[in-house]
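Here's a quick tour for anyone opening this one for the first time. Have a look at the model, then read on.

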There are 4 protein chains.
Amino acid sequence: MKAAVLRKMQDLVIEEVPEPSSTPPGHVKVAVKAVGICGSDVHYYKEGAIGSFVVREPMILGHEVGGIIEEIGEGVDLPVGAVVALEPGIPCGKCQHCRTGEYNLCPEVRFFATPPVDGVMTGYVVHPAEYTFLADGLTPEEASLAEPMSVGVYACREASIHLGQRVAVLGAGPIGILTAMAAYAEGAIVSLFDVRKKRVEFACSLGFSAWPFRQGPDLKYDRVIDCSGNRDAIQWGQSVVRPGGKLILVGMGAKGSMLIDGLDLASRGISVQGIFRYSNTFPAAIELIRRHRGKLAAFTEKRIPLDELPTYLASNEYLGYIKTIVTVD
Amino acid sequence: MKAAVLRKMQDLVIEEVPEPSSTPPGHVKVAVKAVGICGSDVHYYKEGAIGSFVVREPMILGHEVGGIIEEIGEGVDLPVGAVVALEPGIPCGKCQHCRTGEYNLCPEVRFFATPPVDGVMTGYVVHPAEYTFLADGLTPEEASLAEPMSVGVYACREASIHLGQRVAVLGAGPIGILTAMAAYAEGAIVSLFDVRKKRVEFACSLGFSAWPFRQGPDLKYDRVIDCSGNRDAIQWGQSVVRPGGKLILVGMGAKGSMLIDGLDLASRGISVQGIFRYSNTFPAAIELIRRHRGKLAAFTEKRIPLDELPTYLASNEYLGYIKTIVTVD
Amino acid sequence: MKAAVLRKMQDLVIEEVPEPSSTPPGHVKVAVKAVGICGSDVHYYKEGAIGSFVVREPMILGHEVGGIIEEIGEGVDLPVGAVVALEPGIPCGKCQHCRTGEYNLCPEVRFFATPPVDGVMTGYVVHPAEYTFLADGLTPEEASLAEPMSVGVYACREASIHLGQRVAVLGAGPIGILTAMAAYAEGAIVSLFDVRKKRVEFACSLGFSAWPFRQGPDLKYDRVIDCSGNRDAIQWGQSVVRPGGKLILVGMGAKGSMLIDGLDLASRGISVQGIFRYSNTFPAAIELIRRHRGKLAAFTEKRIPLDELPTYLASNEYLGYIKTIVTVD
Amino acid sequence: MKAAVLRKMQDLVIEEVPEPSSTPPGHVKVAVKAVGICGSDVHYYKEGAIGSFVVREPMILGHEVGGIIEEIGEGVDLPVGAVVALEPGIPCGKCQHCRTGEYNLCPEVRFFATPPVDGVMTGYVVHPAEYTFLADGLTPEEASLAEPMSVGVYACREASIHLGQRVAVLGAGPIGILTAMAAYAEGAIVSLFDVRKKRVEFACSLGFSAWPFRQGPDLKYDRVIDCSGNRDAIQWGQSVVRPGGKLILVGMGAKGSMLIDGLDLASRGISVQGIFRYSNTFPAAIELIRRHRGKLAAFTEKRIPLDELPTYLASNEYLGYIKTIVTVD
């Protein structure tokens with residue numbers, strides 16, 4: 001089968017790799033159909049590393065995957081032929097984090113396309129049944145959105161969002177918009193902010209109340225969720241959190257140190273919470289995608305065949321789209 | 001009656017003020033017996049201000065108060081003659097913060113010895129019954145500790161401390177030690193840290209596991225509670241929080257901006273929580289003082305009469321004690 | 001002004017009562033426009049009592065109110081002419097329940113149309129500003145739904161409903177349907193159950209997955225919310241809660257004792273939670289009504305003028321409607 | 001090695017069973033030294049079953065175990081010779097309950113001395129390292145208390161006990177007393193109740209405020225934790241929960257159906273929570289045993305050698321002790 005193998009920084013090739021030869025008990029073999037391109041794939045491609053994760057040997061890219069069950073191992077009760085989404089991280093199931101339900105923090109987790117673990121931009125993948133989720137009624141392209149949607153679902157859960165709360169989401173890229181959808185689906189009144197006019201317009205076209213950064217109505221928010229990783233955004237975000245509210249930092253964008261006003265945190269009773277990946281989110285993410293199929297159409301619109309990925313990534317063209325999905329035959 | 005009136009920065013006098021003439025319905029008149037000197041009293045004395053709170057007209061100092069009920073207003077069911085602790089902040093009871101139980105964030109709160117509200121270093125104070133707490137079995141000096149103990153109780157509650165968790169408390173001054181007691185009383189395994197050798201020794205003498213700053217066993221903590229306000233301490237504190245853990249910032253010590261490693265927060269799923277004062281803590285604080293009477297003896301050892309307060313504050317002598325209590329006849 | 005005064009059991013008259021003569025500081029005078037008839041109004045009318053609340057002297061009925069601000073007292077920052085919903089219970093603001101944010105449990109609460117406190121089926125009512133909520137964009141009839149919607153909002157909040165959870169609501173009367181809307185708005189996958197075919201059909205017509213009692217798909221629910229007060233329903237409800245899930249009992253319907261399988265609770269780690277009224281729900285309820293204006297049209301369809309209320313209640317005709325709203329000129 | 005094998009109801013023998021032949025990777029081989037007798041052991045012995053768990057083939061009894069590490073498997077970082085406590089239930093690590101941290105509800109859990117899984121009243125047991133907990137500074141007898149203490153720790157955690165809350169524990173048997181210790185260690189003000197005078201006296205001798213059932217001060221409790229399984233106790237327990245409080249049902253004692261006043265639950269906003277076993281409690285339980293070594297001496301006082309267990313259980317003598325521990329050479 002073909003695979004998109006990142007040999008080293010800026011050296012991506014489509015090459016033949018061996019197809020999985022068997023499906024062990026408790027596992028499924030999934031025919032990959034659609035893989036979303038994530039910012040992390042682009043980082044590995046362009047820079048060969050994210051923080052301490054360095055590409056030292058060839059690695060298959062991709063971790064946002066929708067596919068179809070091809071074969072099931074012994075003891076698995078999932079239907080062959082079903083559309084599924086795969087949770088990309090397999091935790092150890094034994095450490096203290098796993099035992100307390102925060103398996104996203106498992107130090108032994110094996111996560112697709114995080115060195116040295118291969119990703120899923122290839123023909124088939126064998127995966128544990130318990131991290132394989134039925135996506136009835138969705139296309140594989142839509143199912144591939146369950147992974148980025150999980151980021152939003154988890155951020156909103158950690159943020160303890162309740163019905164009627166005011167939530168600001170900073171950054172209207174894919175994660176920002178999916179997070180805004182999750183916040184809305186938890187009952188929040190959501191505003192999106194971005195420095196890029198085009199993104200603000202796109203968010204508005206989806207029905208969101210979206211604003212250029214630092215503009216919008218003069219009010220405080222119960223929760224501010226940063227999906228931009230931008231220090232100015234985060235600093236402004238803190239200033240618009242209401243007393244007793246929360247500032248949530250999603251993802252790895254927030255590089256290195258930044259200035260936080262500690263006196264403001266203490267004198268207004270505010271907390272800043274970092275979010276790493278997600279746990280126990282896929283069923284909720286899939287449900288959310290079902291609810292928002294119409295709005296999410298734009299997310300699955302731009303598709304390129306696996307063979308064209310190297311050229312596409314080299315071209316920078318992908319930056320023009322909210323989301324590009326790699327299709328596999 | 002006499003009162004310790006701060007006329008302006010570094011101008012503290014003991015002068016006659018009018019005794020409260022009546023006790024309205026729902027209120028009690030309390031004969032003040034003991035008032036702990038808090039860092040904030042010293043700040044107002046020395047600098048005339050804390051942040052945006054500025055002493056613009058003469059103000060009586062003191063907010064850590066133990067006394068005896070002298071008279072009760074109509075409808076009050078509290079026994080005359082009882083030792084009580086007074087919660088120093090009276091919230092509006094109507095705003096959104098008050099209605100959701102986080103009345104410490106009430107913007108209309110009237111708080112003893114926070115300009116322009118008078119404090120309690122005087123003979124009598126009239127106070128709402130619902131913010132007056134029986135301290136059966138305690139002396140007024142011990143009752144006066146309910147206020148600083150409340151800071152620790154609230155910090156631990158917000159930190160969601162559970163039985164068996166590892167907690168580091170940074171700063172072994174009065175608030176640090178009382179917070180450590182509260183954490184221990186919630187079942188935590190507590191370590192205290194301070195840069196000052198004398199404070200470490202004092203903490204050890206109380207039975208705590210205490211260490212010079214940055215030393216101690218090489219482990220991570222479920223919760224790190226900063227009571228030092230020191231930037232270096234906070235930065236080190238973040239580094240010893242376990243993945244998924246919490247860093248708690250207590251009090252106004254943390255002046256202005258400080259560097260927080262945002263990537264570390266996000267990649268380890270950590271949160272930083274600011275704590276402002278407290279709410280709903282006095283009964284718990286009083287119970288805790290009852291449990292630790294022996295250990296708390298050192299906190300009520302150093303006493304000076306109200307008349308001597310101006311000389312005492314001018315002398316810097318108070319810095320040698322864990323706590324000094326002003327006594328009122 | 002006219003008022004619907006319940007003199008005693010089954011003796012309801014429309015009579016003149018004095019209009020409020022002034023609007024004190026911190027209060028608003030509201031022209032009542034629409035008052036929903038609640039099951040409790042009917043209980044007081046038919047039986048003269050609910051549990052320990054007995055109608056001993058004439059009392060104005062009604063507590064689900066939408067109106068228009070007529071006049072504001074000193075210090076109030078609300079616009080005259082605005083459509084508002086009134087929260088019907090005014091707590092003391094001082095007791096332990098009030099101070100911890102669970103003011104629905106305040107023993108001193110004064111609640112519209114709960115003896116001996118008058119309700120709002122009359123021309124004008126003077127109300128504290130902090131329990132008066134702007135309902136911009138809603139009609140007074142829609143605003144009157146904020147009260148019953150609050151029951152659903154609070155039940156869902158206490159039930160800790162999260163995105164993607166499966167929730168069963170037992171009873172498809174007004175409270176059941178509004179609770180189902182609230183659960184959906186918190187992201188739940190909701191099923192409604194009722195013994196009456198007509199109610200099941202109505203729920204289906206609103207787009208809900210609704211089933212005759214004990215039927216529907218064979219699965220377990222994360223949360224079961226009983227709005228029926230029926231013992232059989234509650235017993236069945238417990239049997240379809242998943243291990244670790246919650247059974248929620250809403251309202252006063254659940255009369256007296258009932259059999260609970262305690263061994264089942266303990267061996268499956270289930271909890272049963274009683275819900276009394278609500279606190280801090282009105283802004284969320286109003287937002288929810290805004291989101292569901294279309295679906296809620298059926299709730300505000302049946303209206304009768306205040307003058308006709310006595311005849312209407314005597315006729316039993318109201319039982320044919322999901323909700324009847326009394327209109328006041 | 002010898003083992004206490006329950007062949008069938010009331011037929012317990014000490015017989016030779018094969019010693020484990022190897023210690024697989026990730027496992028430890030533990031020399032059993034002390035095994036507490038639990039009510040469930042006695043139930044299986046006397047009745048051959050607990051609920052749906054029926055002894056159908058010979059089974060070794062015992063699940064409260066303290067021992068010494070004899071050998072470690074590959075990849076295990078625990079010191080040979082150390083005193084340890086073993087968590088008796090090994091969950092699957094994969095199901096939804098396991099992934100969300102509530103592994104006590106795992107339907108695939110294998111739990112010592114729960115048919116058909118063998119217990120630990122024998123010479124050696126091989127156990128996964130992650131469910132083996134160092135009990136430094138404790139004797140094996142003390143370490144064997146970590147299991148019943150875990151029941152109390154978990155009940156208190158689920159009950160959300162905070163500093164200063166009033167807690168009533170119903171039933172002053174071993175679980176009741178250990179639960180009371182856990183509640184105290186979380187900062188609660190605890191009262192114990194029992195119908196048996198001797199148990200009340202024993203609880204008092206440990207320093208608890210203990211009372212004959214239905215007696216004691218006339219007050220309401222924030223939390224009532226039933227460890228008696230007695231219907232009268234539970235009913236009284238509900239009546240002394242404060243509005244908004246919780247009634248907790250611990251363990252399998254609560255046989256079958258019981259009457260709960262549903263109207264009372266709803267009108268006072270009370271919840272009833274069932275507790276099944278525990279999860280993530282052992283480190284906390286061990287810490288708690290360390291804190292209370294003195295008080296717990298009475299729990300480890302009565303010891304009998306493994307060989308004498310059949311005679312002892314047949315004699316009913318064990319009922320005279322708070323706890324009997326089987327010792328193994």
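## A well-covered helix

In this predicted model, the buried residues of helix α5 of chain B are B:Pro174, B:Gly176, B:Ile177, B:Leu178, B:Thr179, B:Ala180, B:Met181, B:Ala182, B:Ala183 and B:Ala185. That makes α5(B) mostly covered, with 10 of its 12 residues buried. Buried here means under 20% relative accessible area.

How far does α5(B) reach from its first C-alpha to its last? The helix runs over residues 174-185 and spans 16 Å, close to the 16 Å expected at 1.5 Å a residue. After α5(B) comes B:Gly187, and its phi is positive, near 100°. As background, an α-helix has 3.6 residues a turn, so residues three or four places apart point the same way.

Now hop over to chain A. Here you'll find an open sheet of 3 strands, in the order β2-β1-β6, with antiparallel pairing. Its edge strands are β2 (11-16) and β6 (59-60), each of which pairs on one side only.

Let's zoom in on one pairing. Strand β1 of chain A covers residues 2-8 and is joined to β2(A) by 6 bridges, the two running antiparallel.

## How the copies line up

Two copies of a chain are related by a rotation about an axis and a shift along it. The same surface serves both of them, as 100% of the contact residues of chain A recur in chain B.

Chain D can be laid on chain A too: a turn of 180° and a shift of 0.0 Å along the axis give an RMSD of 0.0 Å. Which residue of chain D comes closest to the rotation axis? That's D:Gly101, with its C-alpha at 1.9 Å. Here again the same surface serves both copies, and 100% of the contact residues of chain D recur in chain A.

## Where D meets A

So what does this meeting place look like? On the chain D side 11 residues are in contact, and they touch 11 residues of chain A. Between them, the two chains bury about 980 Å², with 46% of it on carbon and sulfur atoms. How many salt bridges are counted between chain D and chain A? The count is 0.

Definitions and conventions
Residues numbered from 1 in each chain as written. Chains lettered and ligands numbered in written order. Predicted model: local features only at pLDDT ≥ 70, side-chain atom pairs only at ≥ 80, totals over all residues. Heavy atoms only, no water. Contact = heavy atoms within 4.5 Å. Least-squares fit on C-alpha atoms with pLDDT ≥ 70 in both. Pairing = 2+ DSSP bridges. Helix = DSSP H or I, 4+ residues; strand = E, 2+ residues; numbered from the N terminus. Expected span 1.5 Å × (residues − 1). Buried < 20%, exposed > 50% of the residue type's maximum accessible area, 1.4 Å probe, protein only. Buried area = accessible area lost by both parts, 1.4 Å probe. Salt bridge = Lys/Arg side-chain N within 4 Å of Asp/Glu carboxyl O.
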